[in-house]
Amino acid sequence: MKRRTVKALVCATLMAMSLSVTACGGSDDAPKEADTKTEEAAPAEEEAPVEEEAPAEEEAPAAEEASGDTLEDYMNATPELKKQFEEEMSAAAAEQEGISMSVDVKGNDMAFIYSYDDESLLTDDAEETLETGLEATASIWEMMAGEIDGELGADKGTVSITVRYQKGDGTVLAERSFSAQ
């Protein structure tokens with residue numbers, strides 16, 4: 001994946017985290033800060049392709065080598081991008097107090113798992129609100145899946161992205177899978 005795809009995934013994840021904190025009773029200050037950070041990240045994403053033209057050409061051979069492979073194979077074949085992605089995701093997760101985040105890639109399935117380690121953040125209507133949030137962000141996740149399909153040289157709809165919100169004990173609050181339409 002090109003760096004802009006990694007950044008786009010991080011931005012989408014930040015937006016989802018912001019939505020989850022807002023939906024589940026986080027303080028009024030936290031969502032504003034998260035929204036600001038998401039808005040600040042978006043312009044950087046738009047600038048990234050201009051600044052990274054040369055690195056994108058360097059990455060092209062890796063993409064060609066990875067064509068036909070799964071997303072998991074691709075991530076393992078490009079350790080520098082995998083490391084960058086993991087670092088950016090860790091940084092994004094560290095900003096959310098009481099919520100941890102992990103990413104699991106198996107085959108062509110990528111799962112973003114948000115765990116509410118501090119269940120006092122959850123309100124009575126948390127499940128319904130998270131479901132509504134997943135519906136509202138569906139087009140973003142579908143677009144991300146489509147971008148990854150393109151990077152892999154795969155048919156549209158090959159990669160799926162699952163977003164799961166759960167309690168610290170693993171009880172699922174809301175979950176939905178997305179793929180390019």
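**Salt bridges and ring pairs**

Glutamate 175 and arginine 164 join their side chains in a salt bridge, at 3.1 Å from N to O; the term is used here for a side-chain nitrogen of Lys or Arg within 4 Å of a carboxyl oxygen of Asp or Glu. Strands (E, at least two residues) and helices (H or I, at least four) are DSSP runs, numbered from the N terminus. Glutamate 175 itself is partly exposed, at a relative accessible area of 37%; buried means under 20%, exposed over 50%, and partly exposed in between (1.4 Å probe, protein chains only).

A word on the model: it is a predicted one, where local features need pLDDT of at least 70 and side-chain atom pairs count only at pLDDT 80 or more, while totals for chains, interfaces and linings use all residues. Residues are numbered from 1 along each chain as its sequence is written, and side-chain values use heavy atoms, with hydrogens and water left out.

In total, the structure has four salt bridges. Another of them brings together arginine 176 and glutamate 135, at 2.7 Å from N to O. Since arginine 176 sits in strand E4 (residues 172-179) and glutamate 135 in helix H6 (residues 126-136), the pair ties together parts that are 41 residues apart in sequence. Arginine 176 is partly exposed, with 26% relative accessibility. Then there is lysine 106, which pairs up with aspartate 104, their closest N and O atoms lying 3.4 Å apart. Here lysine 106 is exposed, at 54%, whereas aspartate 104 is partly exposed, at 33%.

Turning to the rings, the structure holds three aromatic pairs. Rings of Phe, Tyr and Trp (its six-membered ring) pair if their centres lie within 6.5 Å; planes under 30 degrees apart count as stacked, over 60 as edge-to-face and the rest as tilted. Phenylalanine 112 and tryptophan 141 make a tilted pair, because their planes stand at 45 degrees, with ring centres 5.2 Å apart. Phenylalanine 112 belongs to strand E2 (residues 109-116) and tryptophan 141 to helix H7 (residues 138-152), so parts 29 residues apart in sequence are tied together. Both are buried: phenylalanine 112 at 0% relative accessibility, tryptophan 141 at 1%. Tyrosine 114 and tyrosine 165, by contrast, are stacked, with centres 5.0 Å apart and planes at 20 degrees. That pair ties strand E2 to strand E3 across 51 residues of sequence. Tyrosine 114 is buried at 0%, and tyrosine 165 is buried at 2%. Finally, ring pairs join Phe112, Trp141 and Phe178 into a cluster.
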